Amino acid sequence: MSGLQRGAYQVWRVLVALIAAACVVQIFLAGRGAFGVHGAAKLDDQKSFDPHRALGEIIGLLAVLAFLAALIAWRNKRLIWLSLALAFMAEVLQHLFALPKHPWVSGLHALDGVAILGLAASLAHDAWRGTGSEPAPVPAATGDV
């Protein structure tokens with residue numbers, strides 16, 4: 001494994017841990033935003049959700065960067081697919097589910113956030129514990145050409 005791949009894996013480990021920690025803060029900011037709503041302004045116009053929105057964009061960016069780091073590290077297919085799922089959930093689904101015109105769909109925004117936290121925490125736990133750090137074994141050559 002090259003030094004670039006090892007470095008990318010270390011970056012990935014840090015990013016998924018940061019995403020998990022940021023998700024905990026994000027849940028707090030959502031609650032803070034909800035209890036800070038004032039007046040009859042539309043939900044999109046409420047300033048109390050600005051920190052939640054800003055951190056959400058940062059989490060999405062970190063998830064995309066984690067996916068790119070997983071591609072560079074090229075440890076195993078599971079790590080790459082789960083990193084892609086994390087990026088998709090954080091960047092695509094969160095924006096789709098945050099449509100105030102459809103409150104039943106918007107309820108999925110919070111559930112997706114909890115799923116992002118769970119996936120990021122699981123990936124970080126495995127990575128820092130060492131479970132996800134070994135590359136997939138390469139099959140031995142059989143001599144058949």
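Arg13 is buried, at 14% relative accessible area. Buried means under 20%, exposed over 50%, and partly exposed in between, with a 1.4 Å probe and protein chains only. This is a predicted model, in which local features need pLDDT of at least 70 and side-chain atom pairs count only at pLDDT 80 or more, while totals for chains, interfaces and linings use all residues. Numbering starts from 1 along each chain as its sequence is written, and side-chain values use heavy atoms, with hydrogens and water left out.

Arg13 sits in helix H1, residues 3-34. Helices here are DSSP runs of H or I with at least four residues, strands are runs of E with at least two, and both are numbered from the N terminus. Leaving aside residues up to four places away in sequence, Arg13 touches Ala127 and Trp128. A contact means heavy atoms within 4.5 Å.

What does the charged end of Arg13 sit over? That end lies over the ring of Trp128, 3.6 Å from the ring centre. The rule asks for NZ of Lys or CZ of Arg within 6 Å of the ring centre and within 35 degrees of the ring normal.

## The aromatic pair

Aromatic rings of Phe, Tyr and Trp (its six-membered ring) pair if their centres lie within 6.5 Å; planes under 30 degrees apart count as stacked, over 60 as edge-to-face, and the rest as tilted. The count by this rule is 1 aromatic pair. Tyr9 and Trp12 form it, stacked, with 5.5 Å centre to centre and 25 degrees between the planes.

Both residues belong to helix H1. They are 3 residues apart, about one turn of the helix. Tyr9 and Trp12 are both buried.

## Leu71 in helix H2

Leu71 is found in helix H2, which covers residues 50-73. Is Leu71 buried or partly exposed? Leu71 is partly exposed, with a relative accessible area of 32%.

Leu84 comes 13 residues away from Leu71 along the chain. Their C-alpha atoms are separated by 9.4 Å.

## The whole chain

The protein chain has 4 helices and 0 strands. From the N terminus, the order is α-α-α-α. Of its 145 residues, 35% are buried.

Among contacts with a separation of 6 or more, 66% join residues 24 or more positions apart. The accessible surface is about 9,000 Å², and carbon and sulfur atoms hold 72% of that area. Accessible areas come from the Shrake-Rupley method with a 1.4 Å probe; for residues, only the protein chains shown count as cover.
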